[in-house]
Amino acid sequence: MELEIGSALSIGLILGVVIITAALLITVERRLLGFWQERLGPNRVGWFGSLQVVADMIKIFTKEDWVPPFADKFSFVIAPGIIMTVVLLSFAVIPFAPNIGVIDSNIGVLFVLAMASLGAYSVMLGGLSSDNKYALLGSLRAAAQMVSYEVFMGISLLGVVALTGSFNMREIVESQADGWYIIPQFIGFVIFLIAGVAESHRLPFDIPEAEQEICAGYHTEYSGMKFGMFFVAEYIGLVLISSLITVLFFGGWLGPAFLPPVIWFAIKVFVFIAFFILMRAAVPRPRYDQLMSYGWLFLLPLSLVNLLVTGVIILSTQ
Amino acid sequence: MIALFYIAGAIAVIATVAVILQTNIVHGLLYLILSLLAVAVIFYVLGAPFAAVLEAIVYAGAIMVLFLFVIMMLNLGQHTRDQERDWLSPRGWIAPSIMAAILLGQLLTVLSSIDYDLVPEQVGVMEVSALLFGPYVLAVELASILLLAGLVAAYHLAKTK
């Protein structure tokens, strides 16, 4: 590993690996869902269905890219670009290994939160500009859900930040050398996990795009590669949330020395991706008001108490 | 770094002018978000990364989302666009432009007499927090009381009998 942090080569490699991983996840998810639901899943194209993603990509690239005549064209076209940009930018502060990463920022955790909050615009503009009742309903739900869960997401991280004494992700990983934060911050981890699912609006919290109620939600009017960008961005968001959980609670690249650090990172991330896919296969979708009241009446007080107790313990042991 | 400051500043000014001139309210809001993000970049360049991120999280990421949320509920169409266009008549520009030009002139005279330092010092998260919970603790408490009052009022207004 001759790469330096922030060199053009390492930035290119990280972007490439992230996007290819996200694209491969489309097949991996379908295969794993098939496995857990005791059916076959896509297994015809290539070795055990491994080329299914190529077939999907060819289909999505050659589909007609249609902008509805009644849509607000400007907002309609930029909406999918916003979500791709912000999720990929979030990877800039993730430390993949001691010598692999894009930037080493002192505001790393806050930067990810800022990008997550800007991601809400993509979904809202997509729904609003479509001028379609299902899309509008979907994006209203998405806006309320994302703004609410951002709050608990931020507060649940503060326990880790307080224990480390820094917002720098690299320092957070290094301070976990004598014990991962999953043990002292278990409640924070659970809240972050739930908020992460809600923030990337995946099942069981995919209420903004619940097919049975509101068609496809905010991307009802999207087709071709514009839809593809929403679709791939969701998978990149999944990789991002899994990487964040790994970095903040599971010691990032740390692990026994028989494997290189970046492999440990990849293994941990994959375990969480598989867990999220299992959740999709196993947990039913809650009702919309249940989601909101669960967040504000249960997760918010819990995360505040968690932060308070963490603060008291840190102060009393100093 | 100073080039970044001027570029971000120019974007902020142009985007803010576009907010006023834009008749499509959603596009106007997008320009406002752009302007806020440009201000965040300015903060970062001037050595205040914490303020920069808070600008992005709080203003661009939360308050503007709520603005957009309200606009989505209102269902504004061509009708409001025409109304905006009527309000932006050339005659209405004269008096505000003269007054704004006078203010700008005054501001430029004041700024030209200040001897400022172009190499800013870095103010990190720790320094800002220490100030907030040290000398400015009263202001923080007052702000939280204001927010609490707003919360109670919103709860009262939204309560259904």
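**Exercise 1: burial and overall form of chain B**

Buried residues account for 17% of the 161 residues in chain B, in what is a predicted model. Work out how the radius of gyration of chain B sits against that of a compact globule.

*Solution.* Start with the reference: for 161 residues, a compact globule would come out near 15 Å. Now take chain B itself, which has 20 Å. Then look at the box around its C-alpha atoms, roughly 50 × 50 × 25 Å along the principal axes.

**Exercise 2: elements and contacts of chain B**

List what chain B is built from, and say what share of its contacts with a separation of 6 or more join residues 24 or more positions apart.

*Solution.* Count the elements to begin with: chain B has seven helices and zero strands. Reading from the N terminus, that gives α-α-α-α-α-α-α. Next, the contacts: among those in chain B with a separation of 6 or more, 60% link residues 24 or more positions apart.

**Exercise 3: where chain A meets chain B**

Which helix of chain A gives the most to the side that touches chain B, and what classes of residue are found on that side?

*Solution.* First, the tally: 20 residues of chain A contact 16 residues of chain B. Then find the contributors: α3 (73–90), α4 (108–130) and α5 (133–164) of chain A each bring at least two residues to this side. The top spot goes to α4(A), with nine residues. Finally, sort the chain A side by class: 15 nonpolar, four polar and one charged.

Definitions and conventions
Residues are numbered from 1 along each chain as its sequence is written. Chains are lettered from A and ligands numbered from 1 in the order in which they are written. This is a predicted model: local features need pLDDT of at least 70, side-chain atom pairs count only at pLDDT 80 or more; totals for chains, interfaces and linings use all residues. Two residues are in contact if their C-beta atoms, placed from the backbone, lie within 7 Å. Helices (H or I, at least four residues) and strands (E, at least two) are DSSP runs, numbered from the N terminus. Ala, Val, Leu, Ile, Met, Phe, Trp, Tyr, Cys and Pro count as nonpolar, Asp, Glu, Lys and Arg as charged, and the others, Gly among them, as polar. The radius of gyration is taken over C-alpha atoms; the globule rule is 2.2 Å times the number of residues to the power 0.38. A residue is buried if 20 or more other C-beta atoms lie within 10 Å of its own, exposed if 12 or fewer, and partly exposed in between; C-beta atoms are placed from the backbone.
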